[in-house]
Amino acid sequence: MRLRFNLVLGLLLAAIVIIAGVFAAWIAPYHPIIDADLMNSEMPPSWEHWMGTDGQGRDVFSRVLYGAQVSLTVGLVSQLINSCIGTALGVSAGYFGGWWDDLVNGLTNVMLAIPSLVFALAIMAVLGPGLPSLLIALGLTNWSWTCRIARSSTLSLKNQGFVQAAKVAGFGDGNIMRTQILPNIIGPVLVMATLGIGGAVLAEAALSFLGVGIRPPQPSWGNMLTDARELLRAAPWAAVFPGLAIFITVLGFNLLGDGMRDLLDPHMRTRRA
Amino acid sequence: MSKTVPASILSVRDLRIGIGNQSDLLHGVSFDILPGETYGLVGESGSGKSITGLSVLGLLKRPLQVTGGSILFREQDVLKLNKRERRRLRGDRMAMVFQEPMTALNPLATVGRQIAEMFVVHRGLSWAQARLKAVEALETVHVPAPDERARSYPHQLSGGMRQRVMIAIALACRPDLLIADEPTTALDVTVQAEVLKLIAELCQREGTAVLLVSHDLGVIANMCRRVGVMDRGRLVEEQDTRALFETPLHPYTRGLLAARPRLGSRTISERGRLTELDELVADTQRGRDAPTLVTPRGMLAEAGR
């Protein structure tokens with residue numbers, strides 16, 4: 001029962017955020033950039049402006065909807081890149097060991113030692129601002145934890161009987177990693193990835209604040225929070241609603257990841273049945 | 001006489017295994033297994049039985065490595081094959097059943113899928129065809145309701161049932177040689193008997209040779225025609241099973257037989273199995289200094305008949 005609840009709530013929240021982003025152009029009552037009404041700036045939530053207006057009189061609700069496009073893309077794509085890199089490196093390092101393991105370990109330690117924001121900043125400086133470079137920068141900087149988890153899980157799985165049995169059965173290394181090891185570590189990797197979505201959304205905010213991410217007036221939840229910082233007393237709604245959007249996104253995807261992990265576990269599946 | 005000697009399916013010649021280039025784990029072991037024969041390797045823990053089996057499959061773990069000798073499988077030296085060729089042999093022409101049925105199956109895949117994988121990897125069947133073959137394979141190992149069981153996950157099966165699945169996987173491609181490393185040690189006695197019977201039945205039907213590695217003399221006595229006794233990395237005696245039990249030639253074998261727990265013997269704690277063994281076998285007679293007693297070729301011919 002608990003399993004279903006997590007999964008359904010996660011799906012529901014994730015679906016709300018995704019629909020908001022995809023259909024922003026149809027749902028949003030105002031244009032997020034052009035419809036700036038300076039006479040009505042810093043207005044509290046009302047019937048005309050459900051989430052109030054920001055310092056330049058733009059409708060916060062519309063901007064949150066449009067911001068979902070950027071933030072979701074950043075969160076999902078960067079985590080996808082992170083998970084792929086981290087899993088590939090971690091599993092192969094744990095499985096093959098030897099010099100490759102040493103190399104990957106060294107690289108992971110270096111990545112953990114460099115603050116990821118500084119590294120992302122450096123990549124952005126090279127690639128220039130914009131969404132594609134943002135995705136690459138955030139995708140390349142946060143794989144070290146996934147890599148560590150994938151490696152340590154692989155190390156313990158490698159000596160399990162069924163991996164040995166697969167070797168005896170004449171399976172190739174690639175086949176063993178794909179069919180025996182990967183399905184068994186997908187749970188923790190999935191949880192890491194969903195937890196990382198929130199981090200990526202916030203990292204995008206930080207990079208946008210530093211001027212190398214999404215350039216204003218283009219809305220993203222990150223730069224909306226940044227803009228609202230100065231108005232925190234006068235117009236708290238300008239910060240609360242993008243923050244709430246981030247919260248719902250992170251919660252939704254975490255629950256979804258959790259539910260999916262349970263769904264992938266045959267023990268849980270049969271308990272439910 | 002020599003004409004009657006059939007070609008061995010497996011011929012291990014002067015096999016040496018060690019760490020680095022020193023041969024300090026296996027000091028030149030030689031034995032032959034004939035097609036369809038069940039050959040037992042018996043000995044204490046650490047005598048080198050398991051690494052002998054693993055080296056035949058080419059699965060020794062570093063730092064262990066073969067330092068000398070040859071392993072002829074179907075008259076082909078497997079030690080000279082490359083990694084890919086050896087992998088093709090594994091699972092297809094030679095297979096293995098492990099001691100631990102609890103961990104030897106992937107917990108995340110249905111048993112049907114795990115059997116089907118063998119047909120996909122080695123026979124190139126489609127998944128749909130392989131699934132049908134998997135159900136058939138479950139039927140041959142006497143799993144009730146095989147169609148339904150194929151959809152079960154390993155944790156839904158008992159230990160004996162899992163070992164049956166392992167046997168189905170091992171024998172899926174009808175190998176020429178099955179290496180069974182303590183196949184029943186983790187099972188309780190009644191299930192042990194069933195599993196052994198199953199291995200004997202299937203291998204007899206398919207003409208599969210079995211290398212049975214065990215510390216359990218009872219299992220060996222029931223299953224094998226010939227037995228090799230290993231001690232400290234040497235094959236110290238090789239005999240017809242009955243002859244071995246009746247007239248053990250090597251002092252170590254006599255010690256091993258005497259160390260079996262018997263009804264009416266003193267309790268284990270009093271007896272202290274290994275102490276007794278050491279008393280019986282003077283240390284100088286064990287391992288390195290012991291002469292190797294190997295079956296005359298004539299006996300091989302007899303076993304093959």
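Helices (H or I, at least four residues) and strands (E, at least two) are taken as DSSP runs, numbered from the N terminus. The model is predicted, with local features requiring pLDDT of at least 70 and side-chain atom pairs counting only at pLDDT 80 or more, whereas totals for chains, interfaces and linings use all residues. Residues are numbered from 1 along each chain as its sequence is written, and chains are lettered from A and ligands numbered from 1 in the order in which they are written.

Strand S9 of chain B (residues 226-231) contains Gly228(B). A residue is termed buried if 20 or more other C-beta atoms, placed from the backbone, lie within 10 Å of its own. Gly228(B) counts as buried because it has 29 C-beta neighbours inside 10 Å. Contact between two residues is assigned where their C-beta atoms, placed from the backbone, lie within 7 Å. Apart from its neighbours within four places in sequence, Gly228(B) is in contact with Phe31(B), Gly40(B), Leu41(B), Leu235(B) and Glu238(B). Between Gly228(B) and Val111(B), the separation is 117 residues in sequence and 34 Å in space, C-alpha to C-alpha.

Chain B as a whole comprises 13 helices and 10 strands. Of its 305 residues, 44% count as buried. Among its contacts between residues at least 6 apart in sequence, 68% join residues at least 24 apart.

Within chain B, helix H3 (residues 111-123) packs against helix H4 (residues 127-140) at an angle of about 115°, with the axes 8 Å apart; these axes are lines fitted to C-alpha atoms over the stretch in contact, and angles run from 0 to 180 degrees between N-to-C directions. The residues of this contact divide into 10 nonpolar, 1 polar and 2 charged, where Ala, Val, Leu, Ile, Met, Phe, Trp, Tyr, Cys and Pro count as nonpolar, Asp, Glu, Lys and Arg as charged, and the others, Gly among them, as polar.

Between the chains, 24 residues of chain B are in contact with 16 residues of chain A. On the side of chain B that touches chain A, H3(B) gives the most, with 3 residues. The residues of that side divide into 13 nonpolar, 6 polar and 5 charged.

In chain A, helix H3 (residues 60-96) has 37 residues and reaches 52 Å from its first C-alpha to its last, close to the expected 54 Å, the expected span being 1.5 Å times one less than the number of residues. H3(A) is mostly covered, with 28 of its 37 residues buried. Just after H3(A), Gly97(A) takes a positive phi of about 65°.

Note on methods: A residue is buried if 20 or more other C-beta atoms lie within 10 Å of its own, exposed if 12 or fewer, and partly exposed in between; C-beta atoms are placed from the backbone.
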